[in-house]
Amino acid sequence: MAQPPPPSSPPRAQTSPGPAKVGAVPNRRLGSVRGVPMSSPPGRRARLSSPGTGRSSSETREELRRRLLGLIEGNRVMIFSKSYCPHSTRVKELFSSLGVECHILELDQVDDGASVQEVLSEITNQRTVPNIFVNKVHMGGCEQTFQAHQSGVLEKLLQGDSAYDYDLIVIGGGSGGLACAQEAAVLGKKVMVLDFVLPSPQGTSWGLGGTCVNVGCIPKKLMHQAALLGQALIDSRKFGWEYNQQVKHNWETMTEAIQNHIGSLNWGYRLSLREKAVAYVNSYGEFVEHHKIKATNRKGQETCYTAAKFVIATGERPRYLGIQGDKEYCITSDDLFSLPYCPGKTLVVGASYVALECAGFLAGLGLDVTVMVRSILLRGFDQEMAEKVGSYMEQHGVKFLRKFVPIQQLEKGSPGKLRVVAESTEGPGAVEGVYNTVLLAIGRDSCTRKIGLEKIGVKINEKSGKIPVNDVEQTNVPYVYAIGDILEGKLELTPVAIQAGKLLARRLFGGRLEKCDYINVPTTVFTPLEYGCCGLSEEKAIEVHKKENLEVYHTLFWPLEWTVAGRDNNTCYAKIICNKFDNERVVGFHILGPNAGEVTQGFAAAMKCGLTKQLLDDTIGIHPTCGEVRKDKTFLKLTSIDVV
């Protein structure tokens with residue numbers, strides 16, 4: 001890439017009339033590199049060498065991108081303009097009145113102006129001109145530049161001082177926020193993370209790392225493992241293990257060990273931020289004006305910080321019933337994993353994956369568990385698989401109250417007991433029960449309503465609190481981005497937030513183009529019999545591709561580990577959904593069985609590569625594993641087998 005002229009003879013650009021310091025040679029056309037000329041006063045031609053011929057379009061585009069970044073980095077003020085644009089003229093006149101020398105590229109006067117503007121929009125997410133940079137900081141358009149001038153920010157930038165305290169402030173110290181912050185710091189930016197956990201109504205709070213680490217994926221999987229070990233103890237007798245003493249589970253021992261592990265993860269995150277020179281502030285962030293946020297610590301002390309860009313990664317918190325006594329007497333997943341006592345007889349309200357996972361491991365630890373379901377199990381997942389999950393749980397001791405919702409005040413009875421009254425959603429009728437613990441898992445609400453977004457104009461979905469973003473995670477306010485569970489229409493999964501956060505930082509500060517791919521993302525529900533899936537549910541596939549265009553194949557399988565143990569041979573199940581008119585490409589993969597998450601991960605990679613039914617049939621399995629997914633037979637068409 002050709003370099004800008006040396007500082008001793010800086011190029012002067014075309015501009016509107018102004019002080020003599022700013023040369024003005026209207027419509028002067030210079031030689032171009034693939035149509036990327038620069039306008040300069042006489043004798044001050046800023047020229048870049050042309051790329052060689054024979055390059056592919058992608059190579060040419062990347063070369064153009066590098067050269068535009070070179071112009072941005074090599075000039076104090078760089079304006080991408082169009083000669084006839086009145087807004088561009090206003091900006092030129094502003095800098096002229098300030099006596100500031102500018103470098104200007106008129107996109108309507110170059111051969112490849114449209115390509116330049118496309119690449120600029122990829123760099124800045126701004127599709128209009130003027131597109132202005134001051135000392136490498138993207139100002140935006142005409143209106144933003146004048147606002148910066150009126151607030152004094154423009155003057156600071158022109159003086160070479162940083163207009164803001166930080167290049168990036170991330171609000172939320174969960175998996176996605178931390179990934180984004182650390183990646184930006186690695187790329188040389190000055191970064192701050194604001195993270196503050198508001199205690200649950202039961203008073204539970206936790207350290208750095210967000211929901212997944214503290215009250216989500218990590219403790220959930222560990223308690224799931226504790227329950228699996230209980231089943232393994234039962235199976236072990238068939239494998240020759242003999243033990244006479246009564247085996248029992250100690251809740252306090254388990255939670256202490258899990259919390260110790262989580263504490264080590266919290267410390268690891270703080271250490272990683274420190275090593276990457278990311279400022280970590282344990283305070284609640286709230287926008288007070290454009291580019292400015294107020295941070296309030298647990299003592300109520302307030303400090304304000306400014307940043308060129310912000311990333312919102314505040315995540316979600318559990319929803320409550322909205323009836324009297326729910327916050328006073330009920331717990332949620334925020335509280336369960338650090339509960340200092342065994343929950344005892346438990347009512348789980350809800351049928352989300354959180355509800356079924358918690359109900360599953362509590363029952364696996366030997367507790368009396370009932371799940372109260374308003375409508376369907378695992379909304380959004382394949383419903384055939386969801387019902388199989390529920391059926392297995394029922395066979396292994398979990399009770400289900402279908403089509404009921406709590407209606408009356410939850411009343412505290414004798415010590416450690418709660419009375420719950422619920423009504424049917426299908427007509428008259430009520431049930432009443434007494435439980436030691438009521439666990440609510442009826443959904444989660446986005447933490448976006450009390451962080452001052454309305455003060456800077458960031459739009460949210462008023463009903464859900466979710467934030468609409470474009471395909472580069474940008475909100476309607478150009479310098480504010482959002483990632484993770486708070487995004488509207490995106491997957492609420494930790495690995496998705498991490499991937500989106502890293503890629504966002506690379507686009508913002510590393511000159512990269514890769515966007516987060518939200519298609520064919522695998523996930524697993526860690527119920528007693530795990531359910532892994534990737535791609536479309538059967539219901540969604542029918543909606544997208546139409547039933548007549550699909551072929552569904554399925555198989556039952558019997559894990560070898562279950563044979564000697566005498567466990568059911570008619571339970572583990574897998575199915576694939578194929579598009580008949582796209583070479584039977586697999587658009588949905590579903591498996592119910594041990595270690596479903598481990599199996600699904602491999603199939604997800606294959607689906608990213610365009611897995612078809614034929615490729616699946618041609619693949620030789622590892623024997624004996626659940627990953628074979630078919631034992632001695634291949635997948636069969638759904639119409640040719642009766643599933644018990």
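**A walk through the model**

Helix α9 covers residues 251-275, which is 25 residues, and it reaches 36 Å from first to last C-alpha, close to the 36 Å expected at 1.5 Å a residue; that expected span is 1.5 Å times one less than the number of residues. This is a predicted model, where local features need pLDDT of at least 70 and side-chain atom pairs count only at pLDDT 80 or more, while totals for chains, interfaces and linings use all residues. Residues are numbered from 1 along each chain as its sequence is written, and side-chain values use heavy atoms, with hydrogens and water left out. Helices (H or I, at least four residues) and strands (E, at least two) are DSSP runs numbered from the N terminus.

Q: Which residue caps the N-terminal end of α9?
A: Look for a side-chain oxygen that lies 3.1 Å from the backbone nitrogen of Glu 252. A polar contact here is a pair of N or O atoms within 3.5 Å; within protein, one must be able to donate a hydrogen and the other to accept it, and residues adjacent in sequence count only if both atoms are side-chain atoms. The oxygen belongs to Asn 250.

Q: Which elements cover the buried residues of α9?
A: Buried means under 20% relative accessible area, exposed over 50% and partly exposed in between (1.4 Å probe, protein chains only). The buried residues of α9 include Trp 251, Ile 258 and Leu 273. Their cover includes α6, α7, α8, β7, α11 and α12.

Q: What is the strand order of the open sheet of four strands?
A: Two strands pair if DSSP finds at least two bridges between them. The pairing in this sheet is mixed, and the order is β2-β1-β3-β4. The edge strands, each pairing on one side only, are β2 (103-106) and β4 (137-140).

Q: In β3, which residue is the bridge partner of Val 77?
A: Strand β1 (residues 77-81) and strand β3 (residues 131-134) run antiparallel and are joined by four bridges. In β3, the partner of Val 77 is Val 134.

Q: What angle does helix α3 make with β3?
A: Helix α3 (residues 113-124) lies across β1, β2, β3 and β4. Axes are lines fitted to C-alpha atoms, for helices over the stretch in contact, and angles run from 0 to 180 degrees between N-to-C directions. With β3, the angle is about 55°.

Q: Which residue of β6 is the bridge partner of Ile 171?
A: Strand β5 (residues 166-171) runs parallel to β6, with four bridges between them. From β6, Val 191 and Val 193 point one way, Met 192 and Leu 194 the other way, and all are buried. The partner of Ile 171 is Leu 194.

Q: Is Thr 524 buried or exposed?
A: Thr 524 lies in strand β22 (residues 523-525). Contact means heavy atoms within 4.5 Å, and beyond four places in sequence Thr 524 touches residues including Glu 357, Tyr 531 and Thr 600. Its relative accessible area is 14%, so Thr 524 is buried.

Q: Which backbone oxygen does the side chain of Gln 202 reach at 3.1 Å?
A: Gln 202 lies in the loop between β6 and α7, and its relative accessibility of 36% makes it partly exposed. The side chain of Gln 202 reaches the backbone oxygen of Lys 327 at 3.3 Å. At 3.1 Å, the backbone oxygen reached is that of Cys 330.
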